[in-house]
Amino acid sequence: MSTKKKSKNPAKTAVKEKRQIAAKLTPIYIMGKRYEVPEGLTIMKAMEYAGYILIRGCGCRGGTCGACGTVYRKPGDYKLQVALACQKTVEPDMYIAQIPFFPANRALYDFAGLTAAPEEVFKLYPEMFRCVACNSCTKACPQGIEVMDAISALKQGNIAGAAQLSFDCIQCGLCTSRCFGELAQYHMFQLARRIYGARIVPRAEHLAEMVKAVNEGKYDRFLDELKRAKEDELKKLYQEREVEPMTAGEDWKPKDTRYL
Amino acid sequence: MSYLGYPDFFEPYIKKVEQTRPARVEKRKKEEEFPFMSLQERQDMLKYHPDYKEEGRREIKVGPSKGYRIAHEFVDLLEAKSRVDPDKVDLSNVDYETDVLVIGGGGAATIAALIAEENGAQVLIATKLRHGDANTMMAEGGIQAAVKREKDSPYYHYLDVMGGGHFKNDPDIVAAFVKQAPDALQWLESLGVMFSKFPDGRLEAMHGGGTCRKRMHYCADLSGMEIMRTVRDEARNRKNIKVLEFSPAVELILNEHGQCAGAVLYNMETEEYLVARAKAVILATGGAGRLHIQGFITTNHYGATADGIVLGYRAGVPLSFLHTVQYHPTGVVFPEQIEGWLITERFRSEGSDVLNVNGEKFVNEREPRDVESARFIKECLDGNGVPTPTGKVGVWLDSPMLDILHGEGRVRTAFVGKWKVYDRLGIDISKAPMLVYPTLHYQNGGLKDNAECETVLPGLYVAGEVTGGLHGENRLMGNSLMDIVVFGRIAGRNAAIFAREKAKGGELTLKHVKSYHKELKEAGIVTDRVAPMLLPDYTTPEVKEKQLTVSYLGTMR
C-alpha cells in the first residue's frame, strides 16, 4: 500500500522529536526532596526513575486498585490536589506525597442476616450523620465520584442511589483522609453496593433455573459424551455449532435444541 | 495542536477511519460480518504469535518438568536458588499456626479462603501486597457461564472452551468448570455483586471472542473489581480468616510424611523470614505478566511475577501448558502514559471494528485471542500498521461506532472506566478511536492439577491463574474470572477437608529445597539468580549502578 511509504517519514521525524522531549527533565519534589525526571512520566514511573523501589503505594498500575492515592501541591498554590500516582503525569515543581494506607473504621456484619432496611446501615455506621456536607470528599476523589451526594443518598435511606453513585469507587481512601466528620465513606459504599446487588435488584430467575437443571444432572450425559469424544469429533462439533448473531436480541433462540 | 485529543500526527490516519466509518456501520447493522478464519487458517496464522517463536524459549534443565521448553523468563526463575538458605530457617520456631494457609490475596485466594472457612477451617491468607492487589481487580470484560436455558447450556460452553484452547485442554477440568459455573455465578449474586441486569433481574450478556452464545456477564466494565471488592469485603467479615499483607511466601514447607504443611513467609517491610505452619496449603498467586516475556508490555498487576510457579515447582509439582502465554489483542499503544493497558474485548463484542492504517477491516473481531493477536502482528509486519510518534505501531479500535450502533452515550455509560482514563488524557473515545497492539495478558498454563485442585503434593491445592489445564493453550475472555470462582471454591473446600481428615502433622522440613539446589548444581547451573522474584525491577541502569548493596538480581535487599 502506498500509505506504507508515506507514513514512514513523519513517523521517524516524530520519533526524533519525541526523544528530544523525553530527554527534557523537569524538577519534582518527592516528599520534599528534589529529583529531576523526564517530562511525561506518571508520578509512579517518575518515582521509579528517581530510584524508588515501591512496595506500598503501587498496585495495578492501571487506575483500578486504589493503592497509589497521592496528594500534591504546586508552588504558589494553596490548594491540595489529589491523584493516582499511576495515572497523573508529573508537572514542574510539584510536591508529592503518597497516602498508601489510611486508617478507617469498617463495621463488621453478617451479610446473610442483613435486609435492605436503611436502619441497619445507620446502625452499622452511625457516624455518617456527622457529615457536615462540606464536599471535601468529592474534591478529593480521583475517580470524580460525587462522594458527598452518595453519602447524602445513604443518609436519606437511598441505598440504591449510594450504590449507583459509588460504583466506580476504587477504595483508595483519599475521601476519608479529608473528611471533617471522620467518615470512612468507601466502606459505607461497599456495604450499600452489596445490599443493592443482593437485596434490591431482582435476582436472575433464569440463573436459578439453570442451577437447578445442572444439579438435577440434566447435562451430565452431554458432558460425558464430549469428554469421551476424540479430537476430530470435537472439532467437527465445534465448527458446526450454531453461533448466536452478534446483533441478536434477548429473545434469540437456536434451531438446534438437543443439547439445551 | 491536536485532533480529537491526539497529537496532529494522527490526524490523517484518524480521518481515514472516519471516512470508512459510515459504510462499516451500515454493514454492522445488516449483520454482515468479516468472515471468520477456518481452523486451518487459524493454525497458519499462529506462526505470527510470540509463543511460536522458538528463539523465545529454552528447555528447563531441572525439576519435575525437566526438558520442557518454555519462555526464557520462566526458565530463568526456575533455574534459580531459593531466597533463603534452607539450613538457616528455624522450622521449630513457628510464627503462625493455622488450618489452611492461603498464599495469594486475589480472587482465587479470597474465594478459597471463604469456602475453607465455611468448611470449618481457621484460615490465614498471606499475600505479597495488599489484600485484593491482583489481576482479578483489573479484569474488565466479564465472566462466562451458560445460564439461559432457552439458548445455552454447559455443553456449548464446553465446546467453546475446548475450541479456544486448541482442543488440548484437560477434559475433566473443563467439564467441572462449565458445570459449576452457573452455581458460582449465583453465589456471587447472593454476595451482592452488582451485575449489569435488565430491570426484571435478567443478566445482560454478550459475546466474547470464541463464544457461540452470549454468555459473558459483566458489571459495567469493572467486572473484576466489583467481584474482588465484594469477596474481599465478605472475607473481612469472617472472624476465622486472618490476613497478612506484604508477606509473600518464598518457600513451601513439607512435613515428615511428605505433605505440604506450610510456608516460609517474608515480611517485605521488616525483611524477616517467618514460619507459617498449616494442615493444608492453597497456592493462588496468579500470573506472570511482569516478567515481560519477549519484552512485551503487559496489562498485569505489579505483583504478577510467577512466584507460585517457583514455589510449587521446587516442591515437585510439574508444569502444564506453561509454553503458551496469552497476549491480549488490544493493549494501548498510544498515549504513552497508558501504554500496555488493557482495552476490554467487550469493545469488539459490542461492534467496534478493528482497522489498519487505511481504515480498512482485515479480521473478524471475535477470533480467539491468540489468533486475533497473531493477525494484528501480521498486519503490522506487512506494513499496514498505524505508526505513532513513539516509534511503535498499532491498529485502530473504532469505539465511536458504539454510540452510533447502540445510541448516543453508549461508550460513556457501558465503558465508564476506560472513558474516564482517556478523558483524563484529553481524548473522548466516543469520538476518537483507540490505538492498540497485543499486550502480555495471561498465563494460560501453570502448575498441574486436577478437577479437584489437587496437585501431586498431598495437602497442596492450587487455583486460578497459577494452574494449567482448564484453558489449554489459549484462554477465552470471561473464563478467567469464572476460573477463580469455580476452582477457588473447590480448592477451599478440599483444603479444609484435607486439613481436618488427612493432615498428619509431624516435623517440618525444607529438604526439597536442598535437593533442588543440589539438582541445580548437578545440572551445571551456576547463577546468582534467586527466586521468587516478588517485585519487578523498574530501576534505571544509571541508578542501579550506584545501588551498591543490591547484591543480586531482583529488587529486594
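Biologist: How far apart do the C-alpha centres of domain 1 of chain B and domain 2 of chain B lie?
Modeller: The two centres are 31 Å apart. Keep in mind that this is a predicted model.

Biologist: Which residues go into each domain of chain B?
Modeller: The assignment puts 2-32 + 326-441 in domain 1 of chain B. Domain 2 of chain B takes 69-107 + 117-324 + 444-509.

Biologist: And how many residues does each domain of chain B bring to the contact?
Modeller: Domain 1 of chain B brings 27 residues, and domain 2 of chain B brings 28.

Biologist: On the domain 1 side, which element of chain B has the largest share?
Modeller: Strand 16 of chain B, with 4 residues. Other elements of chain B that supply at least two residues there include helix 11 (369-381) and strand 20 (434-443).

Biologist: What's that side like by class?
Modeller: The side of domain 1 of chain B that touches domain 2 of chain B has 10 charged, 9 polar and 8 nonpolar residues.

Biologist: Changing topic: how many residues are in the contact from chain A and from chain B?
Modeller: Chain A gives 80 residues and chain B gives 81.

Biologist: Which helix of chain B gives the most to the side that touches chain A?
Modeller: Helix 7 of chain B, with 10 residues. That helix spans 171-191. Helix 6 (154-164) and helix 8 (223-237) of chain B are among those that each supply at least two.

Biologist: And the classes on that side of chain B?
Modeller: The side of chain B that touches chain A has 37 nonpolar, 23 charged and 21 polar residues.

Methods: Residues numbered from 1 in each chain as written. Chains lettered and ligands numbered in written order. Predicted model: local features only at pLDDT ≥ 70, side-chain atom pairs only at ≥ 80, totals over all residues. Contact = placed C-beta atoms within 7 Å. Nonpolar A, V, L, I, M, F, W, Y, C, P; charged D, E, K, R; others polar. Domains from an automatic or database assignment.
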